[in-house]
Amino acid sequence: MADKILKKLYIKVWRQKNANTKGKFETYEIENISQGSSFLEMMDIMNESLVAKGIEPVAFDHDCREGICGMCSLYINGRAHGPDTEITTCQLHMRRFEDGETITIEPWRVGAFPVIKDLIVDRRSYDKILHAGGYINVNTLGNLPDANNILIPYEDYEEAMDAAACIGCGACAASCKNSSAMLFVAAKVSHLAKLPQGQVERENRAKAMVAKMDELGFGNCTNTGACEAECPKSISIAHIARLNREFLSAKIKD
Amino acid sequence: MSNFLSSSIGKKLIMSLSGLFLVVFLLVHLSINLLILFDSTGGLYNEAVHFMGTNPLIKVMEPVLAIGFIVHIVYATILTLQNQKATPTKYNVTQKTKTFSWASKNMYILGFAVLAFLVLHIIQFYVKMKITDTAPIVEATGGHDGYKLVTDLFTQHGTLSYVYCAVYVLAGILLGLHIRHGFWSAFQTIGWNNYTWKSRLFTLATIFAWVIAIGYSILPLYMTFFL
Ligand code: HEM
Ligand code: SF4
Ligand code: FES
């Protein structure tokens, strides 16, 4: 069955020259988009038509286009990554939209993720939080045990793997009314807290990452659950409870 | 320790502990109020009022409760202001993301509505009993007739009594909403939550919120319409 063609769409996008200028919305009309195409393909087609008209194409982030890199940070019609749940923007298809619809695309609106250009935001503050403690130190001198030989209880492995699915896309902070990065930090802390390799830096990790998160100006979590609803990897706020435990017990031991 | 209390999770912990403390107060307060239902002469209720007015432990707890409220409100304000600052630009299209509840996004507004009610409530009762000493007296014991003070408010002021009734019922509902989110959220903040407990805590919070909302609404309704 051939895909339906959307004869006309109105794309309302945020245009901003650079970090220092004020931006504004522009609406572009595009025609004949197959419902079988992906959302980012639609963006490409739109940009080609803009170039043909001598208008500068809309800048947006994307890389893998298969839901693993976390780059495609678009806020579409009031939701991070658009109307579907458990997907990134690059996994969204045009069959979710109707002919004649106006689609509003905004950049992430988080103080700690400033807009660099159009729809591209600077998400490096997540990297900075990772640098503060989201790693393990390994000493590669001598005989390291093979990771596969270290036995882990099944439940721990499952929970660690669920948390490890985080791709750092930023949808959690973007959909949070408080711009809180807690789900991201929780995923990283939880992932390593559940594995033997993560034990050495365990106490310091939660403290250092939370301190960095606060310093960078992310908001305070009020447990609204928006992050969990929009996370493309369905990371549960149960991990935030673990982060709270890790943080509080590390602080009590101080 | 100082950087613990200024960290985001530290501040949240203070919110949750002060909130849970206020929840305990609400329960004690509610159970005493409900005595009104069980003795229409008011004797039972007045005994409780007398006990609460004279018991040394309660005397100690009174300022602690006031501090609890102040801490809760001060931290609520700090957190809310910081959260607004963290999101300098709002989205153009209103957010369509599902959250756990409407209350979860409007705790400050709900809190302030409760606070406004609290001021009225304190003027109507606490001030009369403890400060101006203008509450009615039980002839036999010389103690305050709390029962008469309460029931008069809801029966002896004509139309205004109905307004008071409506305001008290509304406050009960708003408090219920605050607690519907606050109760489970406090446990999440302390870290007492996981995959299994999440739905249990939701259910507990819902039941608990209904108990508070119905419990606090039933009394003004009973007094206005059945006394
Ligand atoms: C009897 C009265 C009250 C009770 C029982 C109560 C209870 C609670 C509880 C249990 C929480 C959850 C804490 C957490 O998420 O960790 C909470 C949160 C909150 N309360 Fe209250 N509260 C009361 C009055 C107030 C008042 C008067 C305000 C006023 C401004 C207020 C503002 C807030 C706010 C803004 C939050 C959310 C804080 C956050 O999650 O960061 N509350 N409350
Ligand atoms: S927790 Fe989910 S929403 Fe947040 S960065 Fe990781 S994958 Fe994205
Ligand atoms: S482009 Fe990589 S996740 Fe969407």
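This is a predicted model: local features need pLDDT of at least 70, side-chain atom pairs count only at pLDDT 80 or more; totals for chains, interfaces and linings use all residues.
Residues are numbered from 1 along each chain as its sequence is written, chains are lettered from A and ligands numbered from 1 in the order in which they are written, and side-chain values use heavy atoms, with hydrogens and water left out.

Reader: How many helices and how many strands does chain B have?
Author: Helices (H or I, at least four residues) and strands (E, at least two) are DSSP runs, numbered from the N terminus. Read in that direction, the elements of chain B run α-α-α-α-α-α-α-α-α-α, and its C-alpha atoms fill a box of roughly 60 × 40 × 35 Å along the principal axes. The count for chain B is 10 helices and 0 strands.

Reader: Which residues of α10(B) meet α8(B)?
Author: The axes of α8 (residues 146–155) and α10 (residues 195–226) of chain B come within 8 Å and cross at roughly 65°, where axes are lines fitted to C-alpha atoms, for helices over the stretch in contact, and angles run from 0 to 180 degrees between N-to-C directions. Angles under 35 degrees count as roughly parallel, over 145 as roughly antiparallel, 65 to 115 as roughly perpendicular and the rest as oblique, and α8(B) and α10(B) are therefore roughly perpendicular. With contact meaning heavy atoms within 4.5 Å, B:V150, B:T151, B:F154 and B:T155 in α8(B) meet, in α10(B), B:P220, B:M223 and B:T224.

Reader: How are α8(B) and α9(B) oriented to each other?
Author: Helix α9 of chain B covers residues 159–190, and α8(B) packs against α9(B) at an angle of about 110°, with the axes 6 Å apart. In this contact B:D152, B:L153, B:F154 and B:T155 of α8(B) meet B:S161, B:Y164, B:C165 and B:Y168 of α9(B). The two helices are therefore roughly perpendicular.

Reader: What area do chain B and chain A bury between them?
Author: In this pairing, 40 residues of chain B are in contact with 49 residues of chain A. Buried area is the accessible area (1.4 Å probe) that two parts lose on being put together, summed over both. Of the area buried between chain B and chain A, 55% is on carbon and sulfur atoms, and the total is about 3,600 Å².

Reader: Which residues of α2(B) meet α8(A)?
Author: Helix α8 (residues 238–253) of chain A and helix α2 (residues 8–33) of chain B pack at an angle of about 100°, their axes 10 Å apart, which makes α8(A) roughly perpendicular to α2(B). From α8(A), the residues A:L243, A:N244, A:F247 and A:L248 meet B:I9, B:G10 and B:L13.

Reader: How many nonpolar, polar and charged residues does the shell around ligand 2 have?
Author: Ligand 2 is surrounded by residues that include A:Y126, A:C166, A:G168 and A:P232, a residue being near if one of its heavy atoms lies within 4 Å. Ala, Val, Leu, Ile, Met, Phe, Trp, Tyr, Cys and Pro count as nonpolar, Asp, Glu, Lys and Arg as charged, and the others, Gly among them, as polar. By class, the shell has 10 nonpolar, 2 polar and no charged residues.
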